[in-house]
Amino acid sequence: MYRLYGSLGSGSAAVEAALAETGASYEVAVIDTKEDAHLSETFRRINPRQQVPALQLPDGSVMTEGSAMLLHLADAFPEADLAPRPGTPARAQHDRWLIFAAVNIYEGELRHFYPDRYGENAASIAETAVAYIERHYGILEDAIAGPFFFGDRISMLDLYLWNLATWMDPERLAARFPKVHALMTGVRTRPLVAPIDAAHSE
Ligand SMILES: N[C@@H](CCC(=O)N[C@@H](CS)C(=O)NCC(=O)O)C(=O)O
């Protein structure tokens, strides 16, 4: 059984959706970051970086980095068909855009959410981060085939982008990045994702 350490409204939502969509047997251990539960000594032993998500695999080992978890689950559950076959050009594009989102948009969101960690002028840091995030959504917008990133078939990349896009103002997202907004809507209305989306949006 997989155990996902996660917090509502965090990057653990994509991993939870991926576990649900693959049909994996899993449980969620809530580490409420708003209550600083991730700063406990117990959780530091699970993830020394003291962030969620963290994923315990059925063999007891623990991995961190949500994007890596999605790639792992795609390969562990090939029958779920949530990523192109490893080693193919299609998989290269899938992994390319997943990592693009992780290192640019997720990273920008951290500067947006925690500007005081990055310097003294928090307002300016947050503003710069928003512009940085939107620049990268613009690049994604041009690359999305629609309705999902690669067309009609959903992938781990779509689950990841849904999670990130829920952190944007929905009206601004729809106006400026309509394909990203449509992709997010397509993911959040899936039967297995809808309850996860609702819980993480509260
Ligand atoms: N690089 C990590 C980032 C994880 C991350 O930043 N998680 C946030 C929640 S979305 C967190 O735990 N924040 C609490 C903190 O940094 O104090 C990943 O991609 O999984």
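**View 1. Tyr 114 and the ligand.** A nitrogen atom of the ligand has a polar side-chain atom of Tyr 114 at 2.9 Å, a polar contact (a pair of N or O atoms within 3.5 Å). The model is predicted: local features need pLDDT of at least 70, side-chain atom pairs need 80 or more, and totals for chains, interfaces and linings use all residues. Residues are numbered from 1 along each chain as its sequence is written, and side-chain values use heavy atoms, without hydrogens or water.

**View 2. Arg 117, Gly 66 and the ligand.** The side chain of Arg 117 places an N or O atom 2.7 Å from an oxygen atom of the ligand. At Gly 66, a polar backbone atom is 3.0 Å from an oxygen atom of the ligand. On its own the ligand has 510 Å² of accessible area, and the protein covers 88% of that (Shrake-Rupley method, 1.4 Å probe).

**View 3. The shell around the ligand.** Residues surrounding the ligand include Ser 10, Gly 11, His 38, Gln 51, Val 52, Pro 53 and Glu 65, with a heavy atom within 4 Å of it. Tyr 106 and Leu 110 are also among them. By class, the shell holds 5 nonpolar, 5 polar and 2 charged residues; Tyr and Pro count as nonpolar, Glu and Arg as charged, and Gly as polar.

**View 4. Two domains.** The chain is assigned domain 1 (2–81) and domain 2 (89–195), with bounds from an automatic or database assignment. Each domain gives at least three residues to the shell around the ligand. Between the C-alpha centres of domain 1 and domain 2 there are 19 Å.

**View 5. Where the domains meet.** In domain 1, 21 residues are in contact with 18 residues of domain 2 (heavy atoms within 4.5 Å).

How values were computed. A polar contact is a pair of N or O atoms within 3.5 Å; within protein, one must be able to donate a hydrogen and the other to accept it, and residues adjacent in sequence count only if both atoms are side-chain atoms.
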